[in-house]
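Work through the exercises below with the sequence and the model side by side. Each task is followed by its solution.

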Amino acid sequence: MHMHMSFWWGADVGDVFFQGLTVSTTGAMVALCVTLTVLSIVYEGLKVHGAKVRARAARERKRSVSCPPSESATLLSLEAAPGVLRPLSRRFCAFFAEATVFLFHNMLGYALMLTVMLYNGYLFVAVVGGMALGYFFFGHLSMKVNMENVQARRTNVICTARCLQEAESCAMSHSAPCPSSRPKKSCSNYQTLCS
C-alpha cells in the first residue's frame, strides 16, 4: 500500500486500523463510509452528553455551596433504603460512567482523525459529512445546554429560611409544585433547588 500525502479517490484503501481489516472493493468502501458517518454522528452526540454532564455537575456544586442542606435533610439522606447504593458508591459509579464515556469519546475522536489522515476523499467526506449531520441533529441541544450552563453560573441563589423549608418539602414530596405565594426575591431559584 502506497502512503498518500495528498487527497486521492479510490476504493483500495488497504488495511484500516488493524491488519486483516482490508478495504479493497467498492462494497467494502461503501460499508466503511456508512460506518464512519454513523460514528461521526455518535461523536457529536457524545459531545452534547458531556456538556450536559458538566452542566449538571456545575448546578449541583453551585446548589450545595449556596444553600447547604438542613439537619433533617442530612439525616434523611443518610438513611439508605435496602438495595439502594450509598451516596459515595453512587458518586463513584457516576464518575466511573462519566470517565468511560470520556474515554470512548476521545478514542472515537482520535480514530476518526486517523481515518481522515489516510487522505482518501471518500473517507474524508464520510467523516466530515457525519459530523455535519451530528451537528444538525444535536447542535440545538448543545446550544441549549451551554446557555443553561451560562445562566446557572450567573444566577445567584438567595436562600432564606422560608425558601429552605419549601425546598425541603419539595424534596420530601418530589411532586409538590412551587407555591406562587412566596416572595420572588427570597426564593428566586426555587425551581433550581427543587429539580
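The model is predicted: local features need pLDDT of at least 70, side-chain atom pairs count only at pLDDT 80 or more, and totals for chains, interfaces and linings use all residues. Residues are numbered from 1 along each chain as its sequence is written, and side-chain values use heavy atoms, with hydrogens and water left out.

**Exercise 1.** Describe residues 119-138 and state why Val 128 counts as partly exposed.

Step 1. The unreviewed UniProt entry places "transmembrane region" at residues 20-46, 92-113 and 119-138; such annotations may be inferred rather than shown by experiment, and their positions follow the numbering used here, with feature names shortened.

Step 2. Residues 119-138 are 90% helix and 0% strand, with end C-alpha atoms 27 Å apart. Helices are DSSP runs of H or I of at least four residues, strands runs of E of at least two, numbered from the N terminus.

Step 3. Val 128 sits in helix H4 (residues 121-154). Its relative accessibility is 40%, so Val 128 counts as partly exposed (between buried, under 20%, and exposed, over 50%; 1.4 Å probe, protein chains only).

Step 4. Between the C-alpha atoms of Val 128 and Leu 36, 92 residues apart along the chain, the separation is 9.4 Å.

**Exercise 2.** Find which element gives the largest share of the lining of the second largest pocket.

Step 1. Helix H1 (26-66) and helix H3 (87-116) each give two or more residues to this lining.

Step 2. H1 supplies the largest share, seven residues.
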